[in-house]
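This report goes through a predicted model.

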Amino acid sequence: MSQLNLTNTLGGKVEPFEPIEDGHVRMYSCGLTVYNRGHIGNFRTFVSQDILRRYLEYKGLEVTQVMNFTDVDDKTINGAREAGLGLREYTQTFIDYFFEDCETLNIQRAEHYPRATDPEYLDAMVELVQKLEARGHTYKTEGSIYFKVDSLPEYGKLSKVDVAGIQSGARVDSDEYDKENARDFVLWKGPKEGEDSWDTAIGPGRPGWHLECSAMGMKILGETFDLHAGGVDLVFPHHENEIAQSEGATGKPFVKHWMHTEFLLVEGAKMSKSKGNQFTVKDLIDEGYSAMAIRYLLMSVYYRQQLNFTRDGLDQAATAIRRVDDFLARLGEVTRDGDASDETQEAVAAGLKRFETAMDDDLNTSAALAALFDLVKGGNTALSSSTVTQGDAAAFREAIERMNSVFGVFGRSEKLTLDEEVEKLIRERKDARAKRDFARADEIRAELDARQIVLEDTPAGTRWRRK
Ligand code: AMP
Ligand code: ZN
């Protein structure tokens, strides 16, 4: 198998990715903070990790993936209090939504989904703090325990934060802060009125967010594992602090490879609740978009580039999927006997090679998709000449299915009747015209025309008939 090269945030270079244990990858993904339903930005990151996972499996590697739920932090505690529910009960709703959305988006299941408040992981957090205490990396003040940043010379190696400016003894209690405010950070928070608290060997209180992931990761995957992933916002402070806690406690490298997915923007802007542009997968499904169009759009852009999520993008994604699904349907109609020709076999082998080269190049999904579409284009040309045999059809289908084991997006469209599909496209065209997007409106007319459907715009609306 060819070599996967992957950008490593630690060091900032593209590096060959090789698991520590031959044939087995251990990876940790920072999961959702379960205080509301995850938005499509979160799912961009989760889909990019799903693509990695699927590609590792494509290469024949076994994957053990952990994805945690952050179910105790400032946000979940506030949310539960406002809802008048216990923390576990409150966060369970969003965990259920998360699994529902993963299923909708055809995201493969991780092997482990630890929750920070699971007793065994709380124990692991306490033990980790004890190890850090024993090695002189902590101090206690006002009932909380902090990590002493200047006790670890390599602090800052992931995010390249400037440690020179950190004042000794200056502390930060909140889980999230920017590089300008880098300081000693909280490992264990002393009890506060109205907050959940656990009685433990290091005193009463609750874990800081960073501690949770270090403890859950090492408990399940070991003190050193292959890969740790999240969105770019996690590089600092979350992942920097995870490294400090883990390496401070074990004296061993925590993670070999760090993968960070760039942000998703909506119509060019940062998502925010106040702007009203923060969508969930369910919001988009309720608007009538297909789940696979959403997945396609999320994974079609190289993960280290920002992704501008637009409704036009969703329409284009739907068209792209239809092109492949139509091709698969046409292959199913081939009746001519015979083996795959040399020409087909060469085209298919070249297509797969291009796909792998693109994926090996830091998971370049857009180039990998281009390889698939060129194969479809070639296949469609062959189909129109009606020389295609069942052997050819099988070879094309197999190659596409192989690529699709990674993309996970084709051949799953809801089976719409022709009428439903045409009506849907007519609605889409009407919307496009209302938005003065005549290029898209014309594209839809042409697409229908190619399928032998003629449109007639009348004062009473658009009618259609077969040619
Ligand atoms: P959170 O629930 O905030 O802990 O985030 C869960 C995951 O989603 C983390 O890996 C974040 O880095 C990622 N994430 C949050 N917002 C975005 C966004 N707009 N685009 C891409 N990833 C995001
Ligand atoms: Zn995390």
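Rings of Phe, Tyr and Trp (its six-membered ring) count as a pair if their centres lie within 6.5 Å. Planes under 30 degrees apart are called stacked, those over 60 edge-to-face, and the rest tilted. By this rule the predicted model has 27 aromatic pairs. One of them is formed by Tyr55 and Phe355, with 6.2 Å from centre to centre and 80° between the planes. This pair is edge-to-face, because planes over 60 degrees apart are given that name. The two residues belong to distant parts of the chain: Tyr55 is in helix H1, Phe355 is in helix H10 (residues 342–360), and 300 residues separate them.

The largest share, 4 residues, comes from H1.

Where does ligand 1 sit? Its place is the largest pocket. There are 17 residues around ligand 1, and those that come nearest are Thr33, Gly41, Thr45, Asp233 and Leu264. Sorted by class, the shell consists of 7 nonpolar, 8 polar and 2 charged residues.

| Residue | Protein atom | Ligand 1 atom | Distance |
|---|---|---|---|
| Thr33 | side-chain N or O | oxygen | 2.8 Å |
| Thr45 | side-chain N or O | nitrogen | 2.7 Å |
| Gly231 | backbone N or O | oxygen | 3.0 Å |

These pairs count as polar contacts because N or O atoms within 3.5 Å of each other are given that name. Taken on its own, ligand 1 has 490 Å² of accessible area, and the protein covers 91% of this.

Two details of the backbone remain. Which residues does a cis peptide bond join? They are Phe236 and Pro237, and omega there is about 0°. Pro237 is part of helix H6 (residues 235–250). The other detail concerns Glu142, whose phi is near 45°. That value is positive, in a residue other than glycine. Glu142 lies in the loop that runs between strand S5 (138–141) and strand S6 (144–147).

Terms used:
Residues numbered from 1 in each chain as written. Chains lettered and ligands numbered in written order. Predicted model: local features only at pLDDT ≥ 70, side-chain atom pairs only at ≥ 80, totals over all residues. Heavy atoms only, no water. Near = heavy atom within 4 Å. Polar contact = N/O pair within 3.5 Å; in protein donor to acceptor, adjacent residues only side chain to side chain. Areas by Shrake-Rupley, 256 points an atom, 1.4 Å probe, with all protein chains shown as cover. 1 Å grid on protein atoms, 1.4 Å probe; cavity = no way out; pocket = protein on both sides within 12 Å on 5 of 7 lines; lining within 4 Å. Sits in = over half its atoms within 2 Å of the grid points. Nonpolar A, V, L, I, M, F, W, Y, C, P; charged D, E, K, R; others polar.
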